[in-house]
Amino acid sequence: MNRPAEIVAPPGRSLWSDAWRVLRRNRAAMTALLLLATMTLLVIVGPWLSAFSFDATDWDRISEPPSLASGHWFGTDALGRDLFVRTLYGGRISLLVGAVATAVSLLIGISYGAIAGYVGGRVDQVMMRIVDILYALPFMFLVILLMVLFGRNIVLIFFAIGAINWLDMARIVRGQAMSLRSKEYVEAARAGGVRTGRIIFRHIVPNLLGVVIVYATLTVPQVILVESFLSFLGLGVQEPMTSWGALVNEGAQELENAPWMLLFPATWLALTLFCFNFVGDGLRDALDPRDRQG
Amino acid sequence: MAAPQNQPVLRFAVQRLLGAIPTLLVLIALAFFLIRLAPGGPFDSEKQLPPEIETKLRAAYNLDDPLPMQLGRYLLNIAQGDFGPSFQYRDFTVSELIATGFPVSLRLGSLAMAIALLLGITAGTLAALRQNRPADYTIMGAAMTGISIPNFVLAPLLVLVFAVWLGWLPAGGLGDGSLRYLVLPVIALALPQVAYIARLTRGSMIEVLRSPFIRTARAQGLATHTIILRHALKPALLPVVSYLGPALAAIITGSVVVEQIFGVPGLGRFFVQGALNRDYTLVMGVVVFYGSLIIALNFIVDLVYGWLDPRLRQV
């Protein structure tokens, strides 16, 4: 305990610098990350830079195949709207849903899991029993029910999807919180008279971030998928707004005349999901101490 | 708790069954209250009904009773297999619609599940045996692609390639009911699950292959296929078995879009039509029916898991 002062501590290897080193060596994950960043940038900036608007009809070019000459790089849809801008615009909605709904699910899942795991005992039993019950519900059906009943508005989509996706997060966080509960620094805080709520959010939650980031990355594609699924069925985002799911649906109906209407949005959607899954996998390898070597 | 030593399996089963019942009740109550809370009613339509007729209709369907009473009556009815009349298809009861649509969905779903298990486990095992070699990378890359392409994207793509461009298979419908018509829907439904199962199998198979009892088997000179089939497969399949529940749920949910895309007259299509038309009883009936099915199948999966892994029964 009373260490001589002249011993210099070895340079710290924090979880984050270690993780970054592992992640940087993972070429697939880094490529995916780069691609995602590019796509996000394009989706945000693209619609402003383009000469076309997402809902304006080009009467001379209805259902036109992609061509560089006309400026409609992805072609136009049956209403003569530029598909490139629509794909980017749909991407805004899809990515926004991904971000907001994931944030909602994180908020609920982390609070719920951390409280159950830290408090423990009977509270934990009851809380986890509730999670078990909810877990077995067919959620997609309930979301469809929600969309049908309460109108198809976008705010509801954000929250409905977020509100059903927190169960995994709650379980994972609870497990971690339980193991953190008996750590010395938490005991010290408790002995020092810190209140339970403060311990949970100051000492438990920050130490969960590694796991949380991994699962958040894996939640984003799930959430995007749910939104696309709803929009595909016509129960999600409504015209003239659009999302990748809605675009894929339009494309599926024009398969024979205008296959590009399916191919472009479908590629963007799949590519995004693909990248998120790769980044999530890479992060799991990087942040999961079980696999750490050296 | 002192478990009776003689009947651990029965105890395990009863315990799991007791867990399934509240889930079912929560599901029914949730669906029921959500529907009753919603704005708009089943009799809203373009044509304004005369008020006296609407009053009579509401009375006929008991829509004016207090909610708890309506819920109680509904529970009693479904316990007898009666989901009430459909609001949209006036001449049919919901049970009749389920009886019409479900066999079609069942055929589609069980074929997809069988293919998912067969292909997924085979591919995962092959990848594990060739860990970190080209075959492994190929299979896992394909699996990642499979996971990233949702059913509703895959299905129109399959139609585009195999029906529109190549003209090998019909684009939709059930036609004369022959297998040809089921090929594309089943593939669209099965492929994402093949991908998941392959990944799960690979992971656990690699772990099992590293364990001492496999090394012993190798040292005794057993052939690789004997080791895999006789010794490694059963423990390696545990994660796959525990994934069966979510897989079933995913296939049932997926069948909704796949039936829609291919025009298969199954239960999923009734559900979407009902949802778009605010057919209270039909939507409720399908949610409750599929929900119970998922819960019941999960119960069976639990039992299988307990049978495969005796450690679980002790708890």
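## Legends to the close-up views

**Helix 3 and helix 7 of chain A make a right-handed crossing.** A crossing is right-handed if the near helix is turned clockwise from the far one by less than a right angle, and left-handed if anticlockwise. The model is predicted: local features need pLDDT of at least 70, side-chain atom pairs count only at pLDDT 80 or more, and totals for chains, interfaces and linings use all residues. Residues are numbered from 1 along each chain as its sequence is written, while chains are lettered from A and ligands numbered from 1 in the order in which they are written. Helix 7 of chain A spans residues 167-181. Its axis and that of helix 3 of chain A come within 7 Å and cross at roughly 35°. Axes are lines fitted to C-alpha atoms, for helices over the stretch in contact, with angles from 0 to 180 degrees between N-to-C directions. On the helix 3 side, the residues that meet helix 7 of chain A include A:Ser105, A:Gly109, A:Gly113 and A:Gly117. Among those on the helix 7 side are A:Arg171, A:Arg174, A:Gln176 and A:Arg181. By class, this contact has 12 nonpolar, six polar and three charged residues. (Ala, Val, Leu, Ile, Met, Phe, Trp, Tyr, Cys and Pro count as nonpolar, Asp, Glu, Lys and Arg as charged, and the others, Gly among them, as polar.)

**Helix 3 of chain A runs over residues 83-119.** Helices (H or I, at least four residues) and strands (E, at least two) are DSSP runs, numbered from the N terminus. Helix 3 of chain A has 37 residues. From first C-alpha to last it reaches 52 Å, close to the expected 54 Å. That expected span is 1.5 Å times one less than the number of residues. Helix 3 of chain A is mostly covered, with 28 of its 37 residues buried. (Buried means 20 or more other C-beta atoms within 10 Å of the residue's own, exposed 12 or fewer, partly exposed in between; C-beta atoms are placed from the backbone.) Just after this helix, A:Gly120 has a positive phi of about 70°.

**Helix 3 of chain A also packs against helix 9 of chain A, residues 196-204.** The angle is about 110° and the axes lie 10 Å apart. The two helices are therefore roughly perpendicular to each other. (Angles under 35 degrees count as roughly parallel, over 145 as roughly antiparallel, 65 to 115 as roughly perpendicular and the rest as oblique.) Helix 3 of chain A passes helix 9 of chain A in a right-handed crossing. A:Ala114, A:Ile115 and A:Tyr118 in helix 3 meet A:Ile199, A:Ile200 and A:Ile204 in helix 9. This contact has six nonpolar, no polar and no charged residues.

**Chain A touches chain B through 33 of its residues, and chain B gives 38.** Two residues are in contact if their C-beta atoms, placed from the backbone, lie within 7 Å. On the side of chain A that touches chain B, the elements giving two or more residues are helix 4 (121-135), helix 5 (139-149), helix 10 (209-232), helix 11 (244-253) and helix 12 (260-287). Helix 5 of chain A gives the largest share, eight residues. By class, this side of chain A has 28 nonpolar, three polar and two charged residues.

**Helix 12 of chain A packs on helix 6 of chain B, residues 151-165.** Their angle is about 140°, with axes 11 Å apart. The pair is therefore oblique. The crossing is left-handed. A:Leu262, A:Ala266, A:Leu269 and A:Ala270 meet B:Val153, B:Pro156, B:Leu157 and B:Leu160. The contact has eight nonpolar, no polar and no charged residues.

**B:Ile121 sits in helix 4 of chain B, residues 94-129.** B:Ile121 counts as buried because it has 21 C-beta neighbours inside 10 Å. Leaving aside neighbours within four places in sequence, B:Ile121 is in contact with B:Ile197, B:Thr201 and B:Val240. B:Ile227 is 106 residues away from B:Ile121 in sequence and 15 Å away in space, C-alpha to C-alpha.

Among contacts in chain B with a separation of 6 or more, 72% join residues 24 or more positions apart. Chain A comes to 12 helices and zero strands. Of the 294 residues in chain A, 43% are buried.
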